[in-house]
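Reader: I have a two-chain model on my screen. Please show me how to read its features, one at a time.

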Amino acid sequence: MVVDDEEDILYLVGVILKKAGHEVITASSGEECLDILKTEKPDLILLDVMMPGLDGFDTCGIIKADKEHKSVPIAMLTVKSSDEDRLRSLEECAADWHISKPVDRKKLVGIVNWLLKSSPRSHVRE
Amino acid sequence: MAGISISLASGRDGTGKSTICANLGVALSQMGLKTVIVDADVEGASMNLIFGLDFDVPTIHDYLSGNASAEDVTFDFKNAGVDLVVGSIRVESLRDIKFDLFKGFIAELKKKYDVILIDIPAGLSVDTVTSLSASDLVVFVVTPDILSVSSALKTKVITRGMDLKVIGAIVNRTGGQYDIPGPYIEDMLGVNVLGTIPEDVVVKKSLSTGKILLLDSPRSAVTKSIKQVASKLVGRSK
């Protein structure tokens, strides 16, 4: 699932991932993402941060607090790329990874494939 | 010309930072640099064990409690060709230490050595931050998992106001099924990976025998990786 309030991004990322052989569903807000999760269980969520209403950090936090979906890997995909933003993704929101925009096609597909194969949180026992 | 102080830091325990520090010090010394290794972990000194020292020597604790000079606590470890400042493992040694003397201590060592390699305590205690403030350069030691990488990132964020020069990261204990790939660790930490050190049984062997790995297993993959990191470090610190 790709979640972003910008249609261009949703389209572009969708095309890239479909060409790489993945099935893609999209949502244009945090609220829509949570709604879709009532009936779908994606293998991975790419989540924008800066969205009106529920932002990506809050959306991630809600998903990770939900027993049914907390194991779904989430990568923040955002222009917010400072050390503080990356730390917030990993520590505050328990995201599995943080990808800074802009990201090239090859890198995005590489990270998606890696997260689908072995998300860094999938085997962590604290 | 004054020496340069390089700290090895990690956000959490278990990254193998102290072992890497010890062996990196030996590697730098083998490159012809007059090197001293300082165990700044006053609550968990480990250089004594790593170097297999079984005798009492003056320690960093003695300096920090005002009972010894810098010269008293720095000694030749001729077998390894590197000088050492070790810590005390006695709990009572912590009683009178003033860690704010640490910066002055490093300044004194800089007059005598080309490289002062500092093994910083893990975590983000006051002692850790004080040790970092005495460092010209910082290298993170991480393991390729999310807890270690995010802890190192936290250290980087929290010490931002200290104007530290973080010059890279060493990824230790690699070769596992779930390793975060090196390029992704670089992206996350915002620093270059200077080298990766594979998980290897020779490390455990060296720790249990108290023999320095670089000297005891000179042809191991770990030794080769550490020497490569040492070369890169020399290049980056100029």
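Author: We will go through the interface, the salt bridges, the spaces and the backbone.

Author: This is a predicted model, where local features need pLDDT of at least 70, side-chain atom pairs count only at pLDDT 80 or more, and totals for chains, interfaces and linings use all residues. Residues are numbered from 1 along each chain as its sequence is written, chains are lettered from A and ligands numbered from 1 in written order, and side-chain values use heavy atoms, with hydrogens and water left out.

Reader: How many residues of chain B are in contact with chain A?

Author: Contact means heavy atoms within 4.5 Å. Here 20 residues of chain B touch 21 residues of chain A.

Reader: What area is buried between chain B and chain A?

Author: The size of an interface is often given as the accessible area lost when the parts come together. Buried area is that loss with a 1.4 Å probe, summed over both parts. Here the value is about 1,900 Å², and carbon and sulfur atoms give 68% of the area. In chain B, the residues that lose the most area to chain A are Ile146(B), Tyr184(B) and Met188(B), together 37% of what that side buries.

Reader: How many salt bridges are there between chain B and chain A?

Author: A salt bridge is a side-chain nitrogen of Lys or Arg within 4 Å of a carboxyl oxygen of Asp or Glu. The count between the two chains is five. Over all chains, the whole structure has 16. Take Arg160(B): this side chain meets Glu84(A) at 3.0 Å, N to O. Arg160(B) lies in the loop between H7 and S7 of chain B, and Glu84(A) in helix H4 (residues 83-92) of chain A, so the pair joins two chains. Helices (H or I, at least four residues) and strands (E, at least two) are DSSP runs, numbered from the N terminus. Arg160(B) also forms a salt bridge with Asp83(A), with the closest N and O atoms 2.9 Å apart.

Reader: Which elements give two or more residues to the side of chain B that touches chain A?

Author: They are helix H7 (146-158) and helix H8 (182-189) of chain B. H7(B) gives the most, with eight residues.

Reader: Where is the centre of the largest pocket, and which residues lie nearest?

Author: On a 1 Å grid over the protein atoms alone, a pocket is an open set of points with protein on both sides within 12 Å along at least five of seven lines; a cavity is a set where a 1.4 Å probe fits but cannot get out; lining residues have an atom within 4 Å of a point. Thr15(B), Gly16(B), Lys17(B), Thr19(B) and Leu207(B) lie nearest the pocket's centre, among 28 lining residues. Grid points are joined across faces, edges and corners, and a volume is the space filled by probe spheres set on the points. The largest pocket holds about 570 Å³.

Reader: What volume has the largest cavity?

Author: About 30 Å³. Its lining includes Thr19(B), Asn23(B) and Leu207(B). H1 and H9 of chain B each give two or more residues to this lining.

Reader: Which peptide bond is cis?

Author: Most residues other than glycine have a negative phi, and most peptide bonds are trans. The bond from Lys101(A) to Pro102(A) is cis, with omega near -5°. Pro102(A) sits in the loop between strand S5 (97-100) and helix H5 (105-118) of chain A. Ala94(A) has a positive phi, near 55°. Ala94(A) is in the loop between H4 and S5 of chain A.

Conventions: Buried area = accessible area lost by both parts, 1.4 Å probe.
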